[in-house]
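This report describes a single protein chain for a reader who is new to structural analysis. Please keep the sequence and the model in view while reading.

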Amino acid sequence: MNPKSFLFYVAFMPQFVSKDEAYLPQILLLGATFLALGIMNDITYTVLADKVARFLNNQAQKWVHRIGALNLMVTGVIIIMLKS
């Protein structure tokens, strides 16, 4: 349970609930739709990441990891410099 998802659900979903209809079925349907879309998103991301990992050879993966690590380090240094 991601807190961002809970906050989104609590803040955003009630806007689509009709006052003339029963509250609980509407919220359950909206919640189930939100959950299904989230699961589909996670599955799609996982499948695509697996395909990219299979496409890249070990040497390319090492460079991807190095570039990602360098990016995080540079971002950290920039944040520290901006806070000073």
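Met-13 is found in the loop that joins helix 1 (3-12) to helix 2. Helices here are DSSP runs of H or I with at least four residues, while strands are runs of E with at least two, and both are numbered from the N terminus. The model is a predicted one, in which local features need pLDDT of at least 70, side-chain atom pairs count only at pLDDT 80 or more, and totals for chains, interfaces and linings use all residues. Residues are numbered from 1 along each chain as its sequence is written, and side-chain values use heavy atoms, with hydrogens and water left out.

Is Met-13 buried or exposed? Met-13 counts as buried because its relative accessibility is 8%. The term buried applies under 20% relative accessible area, exposed applies over 50%, and partly exposed covers the range in between (1.4 Å probe, protein chains only). When residues up to four places away in sequence are not counted, Met-13 touches Phe-8, Leu-30 and Phe-34; contact means heavy atoms within 4.5 Å. Although Met-13 and Phe-34 are 21 residues apart in sequence, their C-alpha atoms are 9.2 Å apart in space.

## An aromatic pair

How many aromatic pairs does a search of the whole structure find? The search finds one. Rings of Phe, Tyr and Trp (its six-membered ring) pair if their centres lie within 6.5 Å; planes under 30 degrees apart count as stacked, over 60 as edge-to-face and the rest as tilted. Phe-12 has a relative accessible area of 34% and is therefore partly exposed.

With neighbours within four places in sequence left aside, Gln-26 is in contact with Phe-16, Val-17, Ser-18 and Glu-21. Gln-26 belongs to helix 2 and is buried, since its relative accessible area is 16%.

## Along helix 2

Helix 2 spans residues 23-55 and includes Leu-35. With a relative accessibility of 53%, Leu-35 counts as exposed. Leu-35 and Ser-5 are 30 residues apart along the chain, and their C-alpha atoms are separated by 9.5 Å.

Arg-54 is also placed in helix 2.

## The salt bridge

The structure holds one salt bridge, a term for a side-chain nitrogen of Lys or Arg within 4 Å of a carboxyl oxygen of Asp or Glu. The partners are Arg-54 and Asp-50, whose closest N and O atoms are 3.2 Å apart. Because these two residues are four apart in helix 2, about one helical turn separates Arg-54 and Asp-50.

Arg-54 is exposed, with a relative accessible area of 69%. Asp-50, at 37%, is partly exposed.

## Helix 3 and its surface

Helix 3 covers residues 58-83 and contains Val-74. Val-74 is partly exposed, as its relative accessible area is 41%. Ile-67 also has its place in helix 3, and its relative accessible area of 55% makes Ile-67 exposed. From Ile-67 to Ile-80 there are 13 residues in sequence and 20 Å in space, C-alpha to C-alpha.

Which residues form a nonpolar patch on the surface? Leu-70, Met-73, Val-74, Ile-78 and Leu-82 do so, and together they have about 510 Å² of accessible area. Patches are made of residues with over 30% relative accessible area and no salt bridge: like charges are joined within 9 Å, and nonpolar side chains (Val, Leu, Ile, Met, Phe, Trp, Tyr) within 5 Å. The accessible areas come from the Shrake-Rupley method with a 1.4 Å probe, and for residues only the protein chains shown count as cover.
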